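Student: Could you give me a close look at one part of this model, beginning with the aromatic rings and moving outward from there? I would like one connected account.

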Amino acid sequence: MSKRNTAQRRHAILAFINERGETGVDTLAEHFAISEVTVRKDLATLEKSGLLLRRYGGAAPLPQELLGEPRLSPAKRAIARAACGRIREHQRIIIDSGSTTSAMIPGLAGKAGLVVMTNALAVANALRELEEEPMLLMTGGTWDPHSESFQGQVAEQVLRQYDFDQLFIGADGIDPARGTTTFNELLGLSRVMAEVSREVVVLAESSKVGRRIPNLELPWQVIHTLITDQGLGDKSRHTIEAQGVEVVLTPVDPD
């Protein structure tokens, strides 16, 4: 069975469990017409990815209080799609940690010859589920539980050994006058990512504009493109474009 079919089946199993609640291995095997051995392997993979909880003889959905964001917003999905549209085959790209950047991964399917560097295990695991896996590079370094990614000097040294066509990076906040902002005090790796990339593309929802966050992550001077949704106000857009940044407003399909 191809990796794409395996990934689709696992997504379907996860959706089934989330809808029905705790479900036995035998029920899943019968419903999806697969062996119980295959079901157990799928459940183990889904549990390792933090998507469900194993139970004796089956699995259960994650408790709602453990879900930081139970569902990706339509704006994030639209922004991720727009970002993927800017990637050509055989490019060397960096995908930073974050929910919006992670949402790009399905859109990479079918793009031949990609080389992808990431500091996020979630991104790496998602890339491995693609039928045509890109060449995957990991930064390594020190694990930061706040950003759920690798950071630190080791990661920075690894990055400096390469050069990339594009960096795709999210943001906790957008300051129209200064650049992207973050709650995280570990800023070094983001700045090195920008240094080694020919084009820096920021992915952020318009709701993040104007948030009062103290730490400046990337100044507009190193950012080439901001992809956001159509909720961005004209004043903020003009202020950002005046810094020489291309602003892409992507339409959002309602759920």
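**Aromatic pairs and their surroundings**

Tutor: Trp143 is partly exposed, with a relative accessible area of 40% (buried is under 20%, exposed over 50% and partly exposed in between, with a 1.4 Å probe and protein chains only). Phe150, at 17% relative accessibility, counts as buried. Please keep in mind that this is a predicted model, in which local features need pLDDT of at least 70, side-chain atom pairs count only at pLDDT 80 or more, and totals for chains, interfaces and linings use all residues. Residues are numbered from 1 along each chain as its sequence is written, and side-chain values use heavy atoms, leaving out hydrogens and water.

Now to the rings: the count comes to three aromatic pairs (centres of Phe, Tyr or six-membered Trp rings within 6.5 Å; planes under 30 degrees apart are stacked, over 60 edge-to-face, the rest tilted). In one of them, Phe16 and Phe32 have ring centres 5.8 Å apart and planes at 75°, so the pair is edge-to-face. Phe16 sits in helix α1 (residues 3–20) and Phe32 in helix α2, so to speak two distant parts of the chain that the pair links across 16 residues. Phe16 is buried, its relative accessible area being 8%. Trp143 and Phe150 also form an edge-to-face pair, 5.1 Å from centre to centre and with 75° between the planes.

In α2 (residues 25–32), the buried residues are Val25, Leu28 and Ala29. Viewed down the axis of α2, they fall within an arc of 100°, so they line one face of the helix (the arc uses directions from the helix axis to the C-beta atoms). Ala33 follows α2 and has a positive phi, near 55°.

Next come the sheets, where two strands pair if DSSP finds at least two bridges. Seven strands make up an open, parallel sheet in the order β6-β5-β4-β9-β12-β14-β15. At its edges stand β6 (135–138) and β15 (246–250), each with a single partner strand, so one side of each has no neighbour in the sheet. Ile94 stands opposite Met117 in β5 and opposite Leu167 in β9. Three bridges also connect β12 (residues 197–203) with β14 (residues 225–229), again in parallel, and Val202 stands opposite Leu226 there.

An open sheet of three strands, β10-β11-β13, has antiparallel pairing. Its edges are β10 (173–175) and β13 (215–219), each with a single partner, so one side of each is without a neighbour in the sheet. β11 (residues 179–182) pairs with β13 over four bridges, and Thr180 has Leu218 as its bridge partner in β13.

Glu195 belongs to helix α8 (residues 188–195) and is exposed, with a relative accessible area of 54%. The C-alpha atoms of Glu195 and Arg160 lie 8.5 Å apart, although 35 residues separate the two along the chain.

How confident is the predictor? The mean pLDDT, its per-residue confidence from 0 to 100, is 88, and 94% of residues reach 70 or more. Over residues 65–70 the pLDDT is below 50.

Note on methods
pLDDT is the predictor's confidence in each residue, from 0 to 100. Contact means heavy atoms within 4.5 Å.
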